[in-house]
Amino acid sequence: KPHLRTRSFGRRMQYQECVPSTQLLAHEWAKEGAEEGSLVITEEQTDGKGRMNRIWHSPPHSGIWMSLVLRPPIPVTEAPQLTLMASVAVTRTLRRETGLDVTIKWPNDLLVGGKKICGILTELRGEQDRVQYVVLGIGINVNVTPDFLPKELESIATSLAIEGGRTFQRPLLIAAILKELEEVYEGYLDHGFEPIRILWEEAAGMLGRIITAQTPEGPRRGEAVGLASSGALLLKTEEGTLPVYSSDIQI
Ligand code: BTN
């Protein structure tokens, strides 16, 4: 907290030594009326959640495992833009604070040297077609050492410490992320998605690359050429430029 320079993000905070998942706690808190910017943060998760029901490995005292409550006045259909907004804010902060070459793999994986360093999970509760609240979960492998990475993750995951060759102070990183997130979020509420879209295109390391996307219609191969205002990834294929929505992509 002494490092925090935000207006609302992280001003209300629940800090826990060990929880199953900060997402669940933040959902409960939001249902009880937690205001925008309320933050749940923990040293360790025993049941960390990733996208698509995957497990998020969250060893003690070495990562940033946190969930932020947001209450954006937007329709549910625009909520995917928040994930992109968050990946832009975290990428910019990590680049600035660590000097590492962090890139975004659409929609929300942050990579260093092709390996995952951070994952973002946005879960929302809507009422009719309006967003009631969003729980924005951010997991960053900060000082995770190789012996804490399970064998099956070795080739796909890494940490800031492994890549940077030194440890990083988590409180400073958390304060910097919350500050950047708040600024980018306020910009989004005031000016819409277009400025985020441009920042995202700058931060993404994948534009111009040939990728394969698993779409509901089957795999599609093409060049990643940009981000649509809907948040979809634009893929230039032989059949024309297609928007790709939620799917896994291979670089
Ligand atoms: C992904 O890449 O699949 C998203 C991973 C999100 C992990 C974070 S850690 C803090 C928050 N609590 C959870 O249980 N998950 C998110």
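Me: What is the bridge partner of Cys-18 in β2?
Reply: In strand β2 the bridge partner of Cys-18 is Glu-44, where strands (E, at least two residues) and helices (H or I, at least four) are DSSP runs numbered from the N terminus. This is a predicted model, in which local features need pLDDT of at least 70 and side-chain atom pairs count only at pLDDT 80 or more, while totals for chains, interfaces and linings use all residues. Residues are numbered from 1 along each chain as its sequence is written.

Me: And do β1 and β2 run parallel or antiparallel?
Reply: Strand β1 (residues 13–19) pairs with β2 in the parallel sense, over six bridges; two strands count as paired if DSSP finds at least two bridges between them. Going from β1 to β2, the chain passes through helix α1 (residues 22–31), and this β-α-β crossover is right-handed, meaning that, with the strands pointing away from the viewer, the path from the first strand over the helix to the second runs clockwise.

Me: What about β2 and β3, parallel or antiparallel?
Reply: With strand β3 (residues 63–70), β2 pairs in the antiparallel sense over four bridges, and the bridge partner of Leu-39 in β3 is Leu-68.

Me: How many residues of β2 are buried?
Reply: Five of the seven residues of β2 are buried, so the strand is mostly covered; buried means that 20 or more other C-beta atoms lie within 10 Å of the residue's own, exposed means 12 or fewer, and partly exposed lies in between, with C-beta atoms placed from the backbone.

Me: Switching to annotations, where does UniProt place the "binding site" feature?
Reply: The unreviewed UniProt entry places "binding site" at Gln-45 and Lys-116; UniProt positions are given in the numbering used here, feature names are shortened, and annotations may be inferred rather than shown by experiment.

Me: Is Gln-45 buried or exposed?
Reply: Gln-45, which lies in strand β2 (residues 39–45), counts as buried because it has 24 C-beta neighbours inside 10 Å. Leaving aside neighbours within four places in sequence, Gln-45 is in contact with Val-19, Pro-20, Ser-21, Thr-22, Ser-58 and Trp-65, contact being C-beta atoms, placed from the backbone, that lie within 7 Å.

Me: Where is Lys-116, and what does it touch?
Reply: Lys-116 is found in strand β6 (residues 115–127), and it is partly exposed because 17 other C-beta atoms lie within 10 Å. Not counting residues up to four places away in sequence, Lys-116 touches Asp-109, Leu-111, Ile-156 and Ala-157.

Me: OK, domains next: what does the assignment give?
Reply: It gives domain 1 (13–203) and domain 2 (210–250), with bounds that come from an automatic or database domain assignment. The C-alpha centres of domain 1 and domain 2 lie 24 Å apart, and nine residues of domain 1 are in contact with six residues of domain 2.

Me: Which elements give two or more residues to the side of domain 1 that touches domain 2?
Reply: Those elements are α2 (80–98) and α5 (194–203), and α5 gives the most, with four residues.

Me: Last one, where does Ser-155 lie?
Reply: Ser-155 lies in the loop between β7 (130–141) and α3 (160–164), and it counts as exposed because it has 10 C-beta neighbours inside 10 Å. Ser-155 and Lys-179 are 24 residues apart in sequence and, C-alpha to C-alpha, 32 Å apart in space.

Terms used. Contact = placed C-beta atoms within 7 Å.
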